[in-house]
Amino acid sequence: MLTELLIKEGVKAIFTLANSRTKNLNLTLNCTKSNIENSLNQHLRMVKNWSGEITFKDIKSAKNTQSIYIQLNIFLYPKRIRISTDEEIAIVPITKIFDNEKNHIVILGQPGAGKTTSMKFLCQSVFFNKEFYPDLFSYPLLVKLRDFNKPIKSKYNAGIIVEYLFNELGLSIKPENYDEKNIETFVRTKEKLVVDILNNTGCILIIEGFDELVYKKHRQIVLEEISSLANQVEFSRIVITSRTADYNYNFDNISQFELCSLTKPQIKEFAEKWLGSVKAATEFNNAVHKSPFADTTIRPLTVAHLCAIYERVGKIPEKPKTVYRKIVGLLLEEWDEQRNIRRSSEYASFELDRKFDFLASLAFRLTVSSKQSIFSKREFANAYKSIHQDFDLKLNETKLVVQELESHTGLFIQSGFEFFEFAHKSLQEYLTAEYLVKLPTIPANRNLIESLPNELAIAIAISSNPSMYFVELVNNRLNSIKMSVRFTQTFINRLLLEKPDFNKNEFVGLSALILYSMYLNKTDDDSQLSLFIVDDLVDEFESFILEIIKRNSLTKILQLYKVASQYESTNGIKIQTLTLIDSENAKAPIRKPGMIYSKTTKLPRYINCRETFLKTANPI
């Protein structure tokens, strides 16, 4: 911790500078050394307490910053100025940034990238680490810009940052009279005095959360102050943090950096520090890496919340849809809400629920049109053009809409000069699935369906009736357009990961065998299999059938079908061809009152079934 001697020396320097600045200016210094010392001590105590722990709603108990912080890396310039995805940006550890960088610093990052936590760690390092640039920093000063989202009324204020620092340092001066000339001198002297203190006491001034300023007028004031301070302060270092989309400015003597995503070793280290056990961290990492949402853990906010949940209940949520919804909710609203930050939209009807629907619609169109995870400016513009009117957005405001989405949610970001992406591929898939389940019918276009195996699997899992959605998809879509083996493989594997709760439905087992038959059949004749039967998805289909028969049985199949022939696959699996007992049943539609099956859907004359399916599928 900072020594009492160091603080007293700082107080002495501040008082001397204040005396010197107010002489011969018709200004009276209205404070004592004791006032300054008490104020400085109070401010440093606040900074120490603020920076000492990490806490949020999901956490069991607050975590000590120094015990859980991992060394984050920063890009030497923001990703958004990259010309291509192949452009590699050099990185350095954030705590080494002062080794060679002589300018003041802006740290950019997406929501949850670790900006605030990194600033807390820097403050703790100044307080407690004697080796952390002792010749550069005497103490930390902190300005949290979120605290200034209220009107500024006094005409005697010297801005926002300067006025706050002036008061926090216990300074007080007053003019001998309040004419216009004296007021101007009074305000200017405040700024000069703060600059003198920064230049003579050697501190690190952290200006936290530029993006959290709500009023445009306040942002302009702060920008002017940042520009002025950057040019006048030489012997202290200023560090500003902001969400990437909110800071599109360049000032002399200020260098911009951007926080990198977490690497796998960093995620492992994070879990070990957070959970306090190598064994628990290993189990956590194994569970996460096997999940479809593993890519979301590249963001400290997400991995911290997953660790907090794991710490409380001993496992990560069983259903991926729970995690998707949790992360999207965090980024859309909850994270700001927990910190009492309110971000107002530039668009009257573009509030949170509309942003969610817009992102879902955008994800669907970009997924179908691009089939990539990174989208060109043209691809995004085309998708935006097709949906902007549905959300009362203007066609010529594409860039502004992207900036707001990136700033407010961090779900869709500009990742280069003229390209964009969703922050996490799994969330792009989830948002696309949300769009699909809200459509009045499942799309029938073969090429469209072929491009959406993951998204359709998620749609089944998040639908209000997974069994009904699955039966409709297989019998009235996939069965009529004969999907590729690749689609089926991806679809089945993702269904197993998504773990849908298949409701009780007498046709869901039959639909599963129809899907299996589509996967096996290599000829146009559904009554026969190819000469060489390849059944690569042995374990996957076994697991899938077991999931279905938790609440269902294959009784309907046993009533309607009989074994016509038996084959053996190349890997020794016995596969039966079943045929309808009564061919008239082939004319009967798969339909029950109140259910969504098409009138044209007919029972197939032949289906394929493993011998093991019928042995394990005991009637309920």
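## A walk through the predicted model

Strand E6 (residues 104-109) and strand E10 (residues 237-243) run parallel and are paired over five bridges, where strands are DSSP runs (E) of at least two residues and helices DSSP runs (H or I) of at least four residues, each numbered from the N terminus, and where two strands count as paired if DSSP finds at least two bridges between them. Within this pairing, Val106 has Ile240 of E10 as its bridge partner. This is a predicted model, in which local features need pLDDT of at least 70 and side-chain atom pairs count only at pLDDT 80 or more, while totals for chains, interfaces and linings use all residues. Residues are numbered from 1 along each chain as its sequence is written, and side-chain values use heavy atoms, with hydrogens and water left out.

E6 and E10 belong to an open sheet of seven strands, in the order E5-E4-E11-E6-E10-E9-E7, with mixed pairing. Strand E5 (91-93) and strand E7 (140-144) stand at the edges with a single partner strand each, so one side of each has no neighbour in the sheet. From one strand to the next the twist averages 30 degrees. Helix H7 (residues 216-232) packs on this sheet and touches E6, strand E9 (204-208), E10 and strand E11 (254-259), its direction making about 150 degrees with that of E10; contact here means heavy atoms within 4.5 Å, and the angles, which run from 0 to 180 degrees, are taken between N-to-C directions of axes fitted to C-alpha atoms, for helices over the stretch in contact.

A further pairing involves strand E16 (residues 574-580) and strand E17, which run antiparallel and are joined by five bridges. The bridge partner of Ile575 in E17 is Arg610. Strand E17 (residues 606-610) is mostly covered, with four of its five residues buried, where buried means under 20% relative accessible area, exposed over 50% and partly exposed in between (1.4 Å probe, protein chains only).

Among the helices, H12 (residues 352-370) has 19 residues that should span 27 Å at 1.5 Å a residue, and its end C-alpha atoms are 26 Å apart, which agrees; the expected span is 1.5 Å times one less than the number of residues. The buried residues of H12 include Phe356, Phe358, Leu359, Leu362, Phe364 and Leu366. After H12 comes Lys371, with a positive phi near 60 degrees.

Because 14 of its 16 residues are buried, H18 is largely enclosed by the rest of the structure. Just after H18, Lys482 has a positive phi of about 50 degrees.

Helix H15 (residues 425-437) contains Ser426, which counts as buried because its relative accessibility is 2%. Leaving aside residues up to four places away in sequence, Ser426 touches Pro292, Phe293, Asp295, Thr296 and Tyr324.

Finally, a search of the whole structure finds zero disulfides, a disulfide being a pair of cysteine sulfur atoms within 2.5 Å. The sulfur of Cys31 is 18 Å from the closest cysteine sulfur, that of Cys203, and this is too far for a bond. Cys203 is in no disulfide either, as its nearest cysteine sulfur, in Cys123, is 11 Å away. Cys31 counts as buried at 8% relative accessibility, and Cys203 counts as buried at 0%.
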